[in-house]
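Take a look at the structure first.

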Amino acid sequence: MTVKEVLRAHTAAHEDASAETKGQGGHAPSVAPATVAAGRASQELGVRRAEFELAVHLGLIAVTGAPGGGRPRVHEDEIARLREQPGFPDALVERVRTVGTAQAAALLDIAPARFTRLARAGCVSPVTFYLNRYRAVVWLYLADELAAFAAREPELLAGRTPPGMRTMLESGADWRARNWRSQRIDRLLDRTTDPWARTAVQASALDPVQLAEVVDDPYERAYLVRVRPEPVFGRPGSMAAREAMAELMLADDPDEILWRRVNLTLELDSAREDRPAPRPGDDGGARATPPARTGARPRAVRPAPAAEPAAPPACTGASRPAAVGRTTRKGLLARLGWRGRGAG
């Protein structure tokens with residue numbers, strides 16, 4: 001073989017190798033960032049699995065969907081970012097430390113009965129729960145949030161219970177489940193910008209009858225079930241826990257139900273403007289998954305969904321917003337099919 005033939009063969013082999021490594025348009029395909037499963041991520045971060053799952057729920061650890069579905073995974077870059085933070089891993093563990101009633105009372109240096117009254121009045125909000133051996137719900141609270149509450153409202157930790165709170169508690173009020181629902185919904189909304197997924201989050205707080213009154217199209221209701229975001233980790237495993245979760249997720253007070261119906265109606269309007277829900281016979285393979293959003297689309301300006309108060313007036317001293325409020329447009333109550341308290 002001559003020198004020219006050797007050079008031609010070498011050039012051809014080099015070009016073939018380059019063609020295999022290039023994508024369309026002559027550019028080399030981008031390499032997806034390496035990810036690890038949740039179990040390995042928690043080990044590399046030096047936290048227990050329950051702590052890791054709560055950190056994900058609180059948005060302290062970013063996760064990404066696995067290709068083709070399945071459990072979310074964690075980028076190695078995210079693990080490296082967390083490991084470089086000051087005080088790692090103790091600082092991360094402290095941010096997700098939870099306490100029950102007895103520990104919370106000790107942390108605030110008050111009696112457990114007084115802490116229970118504060119929690120029932122909505123002054124502090126549970127972040128999660130578990131079922132004890134009697135299948136009763138045991139609420140857990142973030143230690144960080146309790147410390148912030150003590151610094152913000154020291155007068156509630158000593159002395160007589162304020163008259164408004166006392167009246168509220170004597171009437172049987174208990175804001176623990178309601179505040180847990182509100183925070184859970186807010187955190188799920190933070191994870192998505194897709195209008196239909198956001199609508200599905202709002203719909204999750206209403207029972208089937210209430211939902212059908214607001215979303216009268218059965219195809220839209222079916223679509224909401226398909227696109228509803230779920231907690232990425234920490235789903236209850238036992239049947240009893242799943243039943244408790246399903247019951248706690250539903251709004252159960254008339255004005256809370258109205259708040260959720262208002263929010264659902266406004267989110268539904270935005271979703272319908274963005275795209276219609278798929279119908280039978282549609283080429284719904286791509287429609288079932290919300291499209292990736294690369295930029296904002298021009299859209300009509302509409303009122304922001306009503307924000308539920310974080311705590312009742314017994315704790316904040318502020319007057320409670322009207323259930324519907326002045327920000328909603330005329331005729332919204334009629335669309336909600338709401339007749340108000342005491343309607344026959």
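Tryptophan 196 and tyrosine 223 are both buried, where buried means under 20% relative accessible area, exposed means over 50%, and partly exposed is anything in between (1.4 Å probe, protein chains only). Before going on, some housekeeping: this is a predicted model, with local features needing pLDDT of at least 70 and side-chain atom pairs counting only at pLDDT 80 or more, while totals for chains, interfaces and linings use all residues. Residues are numbered from 1 along each chain as its sequence is written, and side-chain values use heavy atoms, leaving out hydrogens and water.

Now for the aromatic pairs. Rings of Phe, Tyr and Trp (its six-membered ring) pair if their centres lie within 6.5 Å; planes under 30 degrees apart are stacked, those over 60 are edge-to-face, and the rest are tilted. Searching the whole structure turns up five such pairs. Two of them look like this:

| Pair | Centre to centre | Angle between planes | Class |
|---|---|---|---|
| Phenylalanine 115 and tyrosine 141 | 5.0 Å | 90° | edge-to-face |
| Tryptophan 196 and tyrosine 223 | 5.4 Å | 70° | edge-to-face |

Tryptophan 196 sits in helix α11 (residues 195–203) and tyrosine 223 in helix α13 (residues 218–227), so their pair ties together parts 27 residues apart in sequence. Helices (H or I, at least four residues) and strands (E, at least two) are DSSP runs, numbered from the N terminus. The other pair in the table also links distant parts of the chain, with phenylalanine 115 in helix α7 and tyrosine 141 in strand β5, 26 residues apart. Phenylalanine 115 counts as buried at 1% relative accessibility, and tyrosine 141 counts as buried at 1% as well. There's also an aromatic cluster, made up of Phe129, Trp139 and Trp180.

Strand β5 leads us to the sheet. It's an open one of three strands, in the order β3-β5-β4, with antiparallel pairing; two strands pair if DSSP finds at least two bridges between them. At the edges are β3 (98–99) and β4 (128–131), each pairing on one side only. Between β3 and β5 (residues 137–142) there are two bridges, and threonine 98 stands opposite leucine 142. On the β4 side, four bridges hold the antiparallel pairing with β5, and tyrosine 130 has valine 138 in β5 as its bridge partner. β4 and β5 make a hairpin with five residues between them, and arginine 135 in that turn has a positive phi of about 60°.

What packs on this sheet? Helix α8 (residues 143–152) does, touching β3 and β5, with its direction at about 65° to that of β5. Contact here means heavy atoms within 4.5 Å, and axes are lines fitted to C-alpha atoms, for helices over the stretch in contact, with angles running from 0 to 180 degrees between N-to-C directions. In α8, Ala143, Leu146 and Phe149 are buried. Seen down the axis, the buried residues of α8 fall within an arc of 115° (taken from the directions from the helix axis to the C-beta atoms), so they line one face of the helix. They pack against β3, α6 (101–108), α7 (112–120) and β5, while Ala151 and Arg152 are exposed on the other side of α8.

Stepping back, the protein has 17 helices and five strands, and 39% of its 344 residues count as buried. Among contacts between residues at least 6 apart in sequence, 75% join residues at least 24 apart.
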